[in-house]
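Have the sequence and the model open side by side. The text below goes from the overall fold to one strand and its partners.

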Amino acid sequence: MATVELRFSALPEHVRTARLVAAAVARRAGVDEAVLDEVRLAVGEACTRAVGLHQSNGVDAPVRVALIEDEKMFSIEVGDEAPRSAPGDRVPGARPGAGDELEAEGEDEMGLAVISGLVDDVEVTAGESGGLIRMRWPTTPAPLVP
């Protein structure tokens with residue numbers, strides 16, 4: 001199992017770099033050429049989401065991206081350190097900026113919807129210490145050269 005790890009400051013200009021690296025590693029791992037655009041777009045959405053969560057929550061930690069090559073599967077994990085509370089814990093209007101928070105949640109859900117439309121195998125987890133989006137694509141082994 002080969003893994004490439006990226007960490008970058010939560011700035012939008014670094015998302016493009018993450019997309020390019022993800023596509024290059026996916027190609028090397030054996031992800032079908034026809035799917036590489038979807039990989040790029042999904043990583044871009046996941047990283048943009050993580051950057052937005054870090055910026056809106058004042059998190060200084062870097063965004064984490066792991067590109068994992070297994071025997072028959074290529075996985076990308078995009079992690080953030082923005083704390084989330086359970087949906088029932090929020091009381092609308094309980095603190096200043098609640099409208100901004102609701103707008104950010106709407107953008108967050110839209111990004112997740114786009115990712116779900118691009119990736120068949122996706123998991124999203126979130127908790128007090130941050131969140132993780134795990135995306136997987138099948139790979140085809142490189143042909144053996146005699």
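How many helices and strands does the protein have? This is a predicted model, and in it the protein has three helices and five strands. Their order along the sequence is β-α-α-β-β-α-β-β.

Next come the figures for the whole protein. Of its 146 residues, 36% count as buried. The exposed surface comes to about 8,700 Å², and 54% of that is supplied by carbon and sulfur atoms. The contacts can be sorted by distance along the sequence: among those between residues at least 6 apart, 67% join residues at least 24 apart.

Now turn to strand β3, residues 73-80. Why is β3 described as largely enclosed by the rest of the structure? Seven of its eight residues are buried, so the rest of the structure largely encloses the strand. Buried here means that a residue has under 20% relative accessible area.

Two strands that pair with β3 can be followed in turn. Strand β2, residues 63-69, pairs with β3 in the antiparallel sense, over six bridges. Three residues lie between β2 and β3, and the two strands form a hairpin.

Technical notes. Residues numbered from 1 in each chain as written. Predicted model: local features only at pLDDT ≥ 70, side-chain atom pairs only at ≥ 80, totals over all residues. Heavy atoms only, no water. Helix = DSSP H or I, 4+ residues; strand = E, 2+ residues; numbered from the N terminus. Buried < 20%, exposed > 50% of the residue type's maximum accessible area, 1.4 Å probe, protein only. Contact = heavy atoms within 4.5 Å. Areas by Shrake-Rupley, 256 points an atom, 1.4 Å probe, with all protein chains shown as cover. Pairing = 2+ DSSP bridges.
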